[in-house]
Each structure stands twice: as C-alpha cells, then as structure tokens.
Amino acid sequence: MAEGERPPRRQKDPPVCSFCGKPQDQVQHLIQGQFGYFICDGCIELCREIVQERSAAARGKAVAGLRILPPREIHRALDEYVVGQDHVKRVLSVAVYNHYKRIGHNATLAAPKAGAAAAAPAGSETVEIEKSNILLIGPTGSGKTLLASTLARTVNVPFAIADATTLTEAGYVGDDVENILLRLIQNADFDIERAERGIIFIDEIDKISRKSESTSITRDVSGEGVQQALLKILEGTVASVPAKGGRKHPQAQNLTINTKDILFICGGAFVELENIIRQRMDTKLIGFKREESAGEVPRDRILGEASPDDLIKFGLIPELVGRLPVLGALHELSDAALREILVRPRNALLKQYQQLLRLEGIELDFSDDAIAWVIERAQALKTGARGLRAVLERLMIDVLYEAPELKTKKIHITREKIDKNDLFGKARNVA
C-alpha cells in the first residue's frame, strides 16, 4: 500500500458512515465510495452547508473594506462636516446603510444554488433587495455635493462627481453617459471590483428635464435623451467604458463594469418646482394647517412635499423618477447655519485659513463682527455656502500674499479693519 493511502474497509464489517459512525439502519441513505468507505445523507447535507457558507464568505469579500455603519453613526459622521439639514442626513443615513447591507445580503443569497431553501431562513430564500438610488432637491450651496462626498468617505468607497449638463446621447458632441463610470474607475485606481460598490453624484439633474410634458418629434439630446441614457446604468447593467475616455471605438480598449451595486445620488436646485407643488396643494391641502394656503408655506417646507407626479410635471421622465425612489429636500442656509459652517465643522473654512497661516507661524482669528460681515456678503451672492469661500478668498488674498514675510505672530481681523481695508493694523511688520 502506497504511503498516504487509507486501508480498505473489511467486507465483513457492517456498513457505517465513515464521518458520523451511524449504521445503515439509522440513516436514509448510505453511499459507498473508494476503498469501501461510506457517507450518509446527513453528512452530505452538512458538507453542502459548509461549502455554501464558505462560498458566501468568499462572495462577501465584495463588501470587504466597507464601513457598514448603522444609520446613527453615519449621521454622526455627517455632522462632523455638514451643518444642519438634519432630516436629509437621516434619509441618507438610512438609505446608505440599507444599500450596503443589501450588497452583502444579495451576495450571500447568490451563493447557494442547489437546496437553497434548506440553508436560508424561511421566507427569505427568494427575496432579493432592489437598489434605491437617491434624489436630493435643494438650492445651490446647500450641501448636496458635500453630503454625497462625505458619505463615500464615511463608508470608504470610491466617489465620482458628474455634471448632467455636460452629458449627451451617444453619437452627439459631448460626454457619453458611460464616461461617468470611467471617473469612478479612475478614482478607484482602476480596481473594478472596488468601483462596482462606489458612489456617483450626478449634479444639475434638473437641467436635463425635457422641455415640456408632451413628447416631441425633435431631438432633445441634452435633455430627455440623456435621461433615457441614464436609465440603464442607474438600474444596473454591465457597461463597456473606453479606458481612455471619449467615444467608444471598435479598436479601443474597453473596461467592463457592472453598475447594479453602484449607488447613484442625483441632485438639483429644481427652481420653480415649488410652484408645481403649490398648485397641487392648493387644490388639496395635506399636512398643513387649515388657515395656511400652499402659497404661504415656505419653499423649504413645500419641497419636502414633492411627489413623483410633481417631478414628472417638472420634466423628468417617469422611468427616471422610478429609479430615484429616495427623496431628500434641503433647505436654504440661514445666517446662523452659515456661521456654523465657518467655525464648527472639522473642515470649517476659518479653520482651513487658520491652519494655512499656522504653517507660517501666525495665529489668525476673526472677531464676531468680522464673521457677520462675511456672512452678509455671502448671502448677497445667493450661492449658499459657496459664497462664504468666495468672500473669504477675496478678503484674505493680501494676508496670504504677505504671510511668508510677516514678522508678527498674530493677526486679529475685525470689521473695522475690513472697512479700512487694513487687515493687519498694527500687526503689519514686513521683513
């Protein structure tokens, strides 16, 4: 007998399972293998379950590296970077948690092939959770992009931003819809598996609304045509993407990516959508006090009542609305919110300027009246939080220009210094 071979079972011994030791009269089936050894039906079932578990674990590696945090922890992470918008944070926290939990569930569900009913909990073996993409409605500068990028950073997935206004139908001048996927692949360092669970934010989605509710025989290559082109990748499809961008070419190298587990977050200002909602609400007031008419309800609150029909009337096609089932409405930022944005978040604008000057050995601080001046100018620009950076960039340009040569160790900016156009005051002492 060669080394390593097992001795054959003696024929006179009664047949028993070589794994569990049960005799033939205690099992339904006893199957004989090489060298006269047997395995019973119970041990076969146990082996099948072990193989399924290991296969599911291997498939579960598709979500390895993700921080699948519960909604409360996702909300807490968003609070560190985004001021206000508490309701939208709750909506996004639940949606993102469910999305990545869904990826793990569907990966496990896909693992067993035969006998799945025996391995899965009763009633769950055929339930495959569908993807729920997100639509954010809110004025410019209210935090839509920041919310999306912070979510991606929180759950540790690649992130890409696309502007819907640059997209056109295939065959027309502009970016193909598939080029959105290339940006995600690039940001994932061309790791396709990692890109397939990333997040894509499509901004200005309201700008590709069709020109009217009625269909037209004329081509609308940057409007309804783009909406139609987006449908497949939003729902989930295997897309072919040119590795170097641009148009597809038969001789070009293409990358293949499955979008079924990519989370799409679409955002837009949807200017005048509130008028469509008000018109509907004036005919049937729901959720408001009886003494209020829909015309008296603030825009922030009225947008929270948006329905799929309202979005269709605005110009989104029904199929696209159906693929964006999760809706979050952001409100305009108040003076108090802009103040918080300046000073509170981990990446607050004033903290960024303070850090820049700290690298030069200079401590920077703003008085309350100087902060109020910045907020006042930013509100006049009507661009939300973006206005804060625009105002501060103009205000701080001289300080940043002279900082490397300043001998002073502290700069205190007040409204009086701003009005006099002398941010240094007595602190100016250039080498």
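Which strands does helix 6 lie across? I find helix 6 (residues 179-187) across strand 4, strand 5 and strand 8, running at about 155 degrees to strand 4. Angles run from 0 to 180 degrees between N-to-C directions, with axes fitted to C-alpha atoms, for helices over the stretch in contact. Helices (H or I, at least four residues) and strands (E, at least two) are DSSP runs, numbered from the N terminus.

This is a predicted model; local features need pLDDT of at least 70, side-chain atom pairs pLDDT 80 or more, while totals for chains, interfaces and linings use all residues. Residues count from 1 along each chain as its sequence is written, and side-chain values use heavy atoms, without hydrogens and water.

I read an open sheet of 5 strands, order 4-5-8-3-9, with parallel pairing (at least two DSSP bridges between two strands). Strand 4 (159-163) and strand 9 (326-329) stand at the edges with a single partner strand each, so one side of each lacks a neighbour in the sheet. The twist averages 20 degrees from one strand to the next. Strand 5 (residues 199-203) and strand 8 (residues 263-268) pair over 4 bridges. F201 has I265 in strand 8 as its bridge partner.

Then the helix pair. The axes of helix 13 (residues 335-343) and helix 16 come within 10 Å and cross at roughly 55 degrees. L338, I341 and L342 of helix 13 meet A385, L388 and L392 of helix 16 (contact: heavy atoms within 4.5 Å).

Last, T408. I place T408 in the loop between helix 16 (385-402) and strand 11 (410-413). A polar atom of the T408 side chain lies 3.0 Å from the backbone oxygen of K410.

Definitions and conventions
A polar contact is a pair of N or O atoms within 3.5 Å; within protein, one must be able to donate a hydrogen and the other to accept it, and residues adjacent in sequence count only if both atoms are side-chain atoms.
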